[in-house]
Each structure stands twice: as structure tokens, then as C-alpha cells.
Amino acid sequence: LAEHRQVATAFEAQAQQGMFQRGRRMLQVATYSFDPSIADMLGPLLVGGVVCIPREDEVLTELAAVIRRFQVDVIDITPSVANLLDPAEIPTLKELRLGGEAVTAAQLARWTSSSSSRRSSSPLEFHNSYGPSECCVTAALTPPLHASADPLNFGVPVGCRMVIVHPDDPRRLVALGLVGELAIQGPIVTRGYLNNPGAQAK
């Protein structure tokens, strides 16, 4: 259950990180059942940005053409969708954020080296992000990545705190490099699950 205070706090923190900027044109491509769709629509509007909403059939078959036609500055998509795009075909794009799936080394290399193949005066900023639905879409974001960055790095906390805890005891932190579970705390964490006690107990 995401309440107004969690959503407002999360989007304010994300705007302070530069995820939403006045005048920036963001393409809304996520299906409405996928939580990034909320950020794609509300985030830009909160700061005076522009939301570009294409027809669903265009997203599936003509995504690069849609990005060019709308002169999109920013897109937040999964790595699988990014695989369908050719960096050279989208010269207006200023920022690409990937989330929802792990980024591979090949994807990192492809997008961070794309500036030389793009017909654009500005380099493309490539970011990796992470955020469960329970944290109002984005809980972590990388600074712009370069080709030698670790593709599994999903960034620093945005509007929250993160620690890695022991899988059997959430009160025990684990040492750097050991396996654990990610615990997120802060005002962006939602209150719980509506009418779902099993999920709430986890």
C-alpha cells in the first residue's frame, strides 16, 4: 500500500538526483501494471517536464522512431527492451536508465561506447537503477556509467538507506563480499500489502 507521503517523498528524492528535470521529455513505455509507469508519468509532471505517451503498438514495433518523433530526452526501460534499440538510431536521447533486470557487461559496453556512433553533439548518459515496488519505483541509481564500470552495480540509495543483512537474522549486518539480503529503510518504503497477510509477514 503506497500512500501519498511515500510516493511524494520518493519522487522528490528522485528529482533531487536529477531523474526528473524541468523541460526534459520522458517517454512513458512501461505497461500500466508495471510500477515504473507511475514514475514515467508523475515524476516529470512534478518538476515541469514533459511526458510523451505513444500508442502501445508503436512501442512494440517502432520504438526508435517513436523516440525520434517525440524528441525524447530520457527513457527508463528494461535491459531486454534496450536490446531492441540501436544507439545510432536515437540521437535525441540524452539519458538511458535501465532497471527491472540485471544489466550485462555487453549492454554496458554497447551503450557507454555509443557516443561515437550517435549523430548527436551530447554524449548519452547511461544509468543502472534498482527499486522494488515497495519503495515507490526507484531506491538506487548509479551516476553516469563508463565502459569499465561493474554492470551489477545498481548505484547508491535514493531517498532511503540500504544495508546487507544476514539471510537468517536481519539484525546482523554481513561483511563486504558475503552473501546477504538487501534491507531498505526510509520514508520511501510503503506501509505494507493490502489484504495480503502472507506477503506482509515476509
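Colleague: In this predicted model, what covers the buried residues of H4?

Modeller: Let's start with which residues those are: in helix H4, residues 63-70, the buried ones are Leu63, Ala64, Val66, Ile67 and Phe70. Several elements cover them, and the cover includes S1, strand S2 (50-52), helix H3 (56-61), strand S3 (74-77) and helix H5 (79-82).

Colleague: Within what arc do the buried residues of H4 fall, seen down its axis?

Modeller: An α-helix has 3.6 residues a turn, so residues three or four places apart point the same way. The buried residues of H4 include Leu63, Ala64 and Ile67. Seen down the axis, the buried residues of H4 line one face of the helix, because they fall within an arc of 160°.

Colleague: Is arginine 22 buried or exposed?

Modeller: Arginine 22 sits in the loop between helix H1 (4-16) and strand S1 (25-27). Leaving aside residues up to four places away in sequence, arginine 22 touches Val47, Gly48 and Gly49. The cut-off for exposed is over 50% relative accessible area. Arginine 22 has 71%, so the word for it is exposed.

Colleague: What separates the C-alpha atoms of arginine 22 and valine 156?

Modeller: Along the chain, arginine 22 and valine 156 are 134 residues apart.

Colleague: Now for the pockets. Which element gives the most to the lining of the largest pocket?

Modeller: The largest pocket holds about 660 Å³ of space. It is lined by 33 residues, and those closest to its centre are Val29, Ala30, Thr31, Phe34 and Val81. H3, H4, S3 and strand S5 (125-130) each supply at least two lining residues. With 4 residues, the element that gives the most is H3.

Colleague: How many residues of the lining of the largest pocket are nonpolar?

Modeller: Sorting that lining by class gives 10 polar and 6 charged residues. The nonpolar class has 17.

Colleague: Which elements give two or more residues to the lining of the second largest pocket?

Modeller: About 320 Å³ of space lies in this pocket. Its lining has 13 residues, and Glu134, Val189, Thr190, Tyr193 and Lys202 lie nearest the centre. The elements giving two or more residues to that lining are strand S10 (181-185) and helix H7 (197-201).

Definitions and conventions:
Residues numbered from 1 in each chain as written. Predicted model: local features only at pLDDT ≥ 70, side-chain atom pairs only at ≥ 80, totals over all residues. Heavy atoms only, no water. Buried < 20%, exposed > 50% of the residue type's maximum accessible area, 1.4 Å probe, protein only. Contact = heavy atoms within 4.5 Å. Arc of directions from axis to C-beta. 1 Å grid on protein atoms, 1.4 Å probe; cavity = no way out; pocket = protein on both sides within 12 Å on 5 of 7 lines; lining within 4 Å. Points joined across faces, edges and corners; volume = space filled by probe spheres on them. Nonpolar A, V, L, I, M, F, W, Y, C, P; charged D, E, K, R; others polar.
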